[in-house]
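I opened this entry to record what I looked up, item by item.

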Amino acid sequence: MVRARSGRAAHPERRTGRTARRGARALAGLAAGALTAAGVVAAGTADASEATSRTGHSPTAARAAAVPKHALTGYWQNFDNGATVQKLKDVNDAYDIIAVSFAEATGTPGAVGFHLDPAVGYGSADEFKADIKAKQAAGKSVIISVGGEKGAVSVGDDASAKNFADSVGSLMDEYGFDGVDIDLENGLNSAYMTKALKALHAAHSGVVVTMAPQTVDMQSPQNEYFKTALGIKEFLTVVNMQYYNSGSMNGCDGKAYAQGTVDFLTSLACVQLEGGLAPSQVGIGVPASPRAAGGGYVEPSVVNAALDCLTQGKNCGSFKPPKTYPGLRGAMAWSTNWDAANGNAFAGQVGAHVHGLP
């Protein structure tokens, strides 16, 4: 995804601010008139009869309990970049979906692997797995995020699509993850990623699938990321687009809006909502603190105003959505670690607001 999770110079695999690069592409998005709705569908639901995996973990049961109508997503950092170092058990209870960042490319095309960074303090993989189970027992979903800013995962043919699905499925079985987050910021082939995710869903029908594209990747249903989201809309959980490190972008009315404003959040969410995603499949992704990104941070009150505007038509800025979307899924923060460093303001204020939506 485009999310420049800034403050990451200490780790070469993490994203950095790229406002300038994205700003140059900002006005390349298509105007609202070019949007063609692909049909609004409800978010996919898990098959409650799914068999328990070979490790005894049941993603279906966890998902059924963990993804409420309005949900808060947070990314947990498997590295130390200056934010508060956490174990999973330390993640604020407001987060309904916790995305473990990141699984990265292996030597096999399309395949991904995951290894705990010693910097986060786990003495063993079993301790990490126990924390996952504890979060699930508390009604949360824990998923594995693939990629990151410099992630080199490439799924561009049948073989790599199979390798991707098989490797993610293996990580789900090994660690007990409930699903996967697609955070590929350096290109995505919609045909083969859709094929890979459908294969993963066929093998793990209760899989939680989230996505975190850059703003430029969701300007039109013809973009590869958008096409992937629409291609898996029968079971897609939520798209938490990164509303930051972006520069100005086109809203669904064809006008350009500057990042860091309520209009930016609402008008770009409208592009997705009017372009074919169900309200339950749209979330607002923002930095948890000013240090968490190179640009686009907004106060929790601005996120809450955007949520009110989209769901109830109140507290809008100059942009007024064509209708309300009361089923909007919620919001996302990069990251739970940066949130902790900022006094858990996002979890406390945005989390409470998301969970209080009608």
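The notes below follow the order in which I went through the model.

**Ground rules.** I am working with a predicted model, in which local features need pLDDT of at least 70 and side-chain atom pairs count only at pLDDT 80 or more, while totals for chains, interfaces and linings use all residues. Residues are numbered from 1 along each chain as its sequence is written, and side-chain values use heavy atoms, with hydrogens and water left out.

I then looked up its partners, counting two strands as paired if DSSP finds at least two bridges between them. Strand 1 (residues 71-77) pairs with strand 11 in the parallel sense over five bridges, and within that pairing I found Ala71 opposite Gly330. Strand 10 (residues 282-287) also runs parallel to strand 11 and is joined to it by five bridges, with Met332 as the bridge partner of Gly285. From strand 10 I followed the chain through helix 8 (residues 300-312) to strand 11, a β-α-β crossover that is right-handed, meaning that, with the strands pointing away from the viewer, the path from the first strand over the helix to the second runs clockwise.

**Helix 4 against helix 5.** I next checked helix 4 (residues 158-175) and helix 5 (residues 190-203), which pack at an angle of about 40° with their axes 8 Å apart. The axes are lines fitted to C-alpha atoms over the stretch in contact, and angles run from 0 to 180 degrees between N-to-C directions. For contacts (heavy atoms within 4.5 Å), I listed residues of helix 4 including Phe164, Val168 and Met172, which meet a set in helix 5 that includes Tyr192, Leu197 and Leu200.

I found a cis peptide bond from Ser101 to Phe102, with omega near 5°, and placed Phe102 in strand 2 (residues 97-105). A cis bond also joins Trp334 and Ser335, where omega is about 0°; Ser335 lies in the loop between strand 11 and helix 9 (336-341).

I also noted Asn245, which has a positive phi of about 45° although it is not a glycine, and which sits in the loop between strand 7 (238-242) and strand 8 (249-250). Asn245 is buried, at a relative accessible area of 0%. Asn344 has a positive phi near 55° and is found in the loop between helix 9 and helix 10 (345-355), but counts as partly exposed at 26% relative accessibility.

**Val180.** Which residues is Val180 in contact with, leaving aside neighbours within four places in sequence? I read off Ile143, Ile144, Val146, Val168, Leu197, Leu200, Val207, Val208, Val209 and Thr210. Val180 lies in strand 5 (residues 179-184) and is buried, with a relative accessible area of 0%. Val180 and Thr210 are 30 residues apart along the chain, and I noted a separation of 6.5 Å between their C-alpha atoms.

Terms used: Helix = DSSP H or I, 4+ residues; strand = E, 2+ residues; numbered from the N terminus. Buried < 20%, exposed > 50% of the residue type's maximum accessible area, 1.4 Å probe, protein only.
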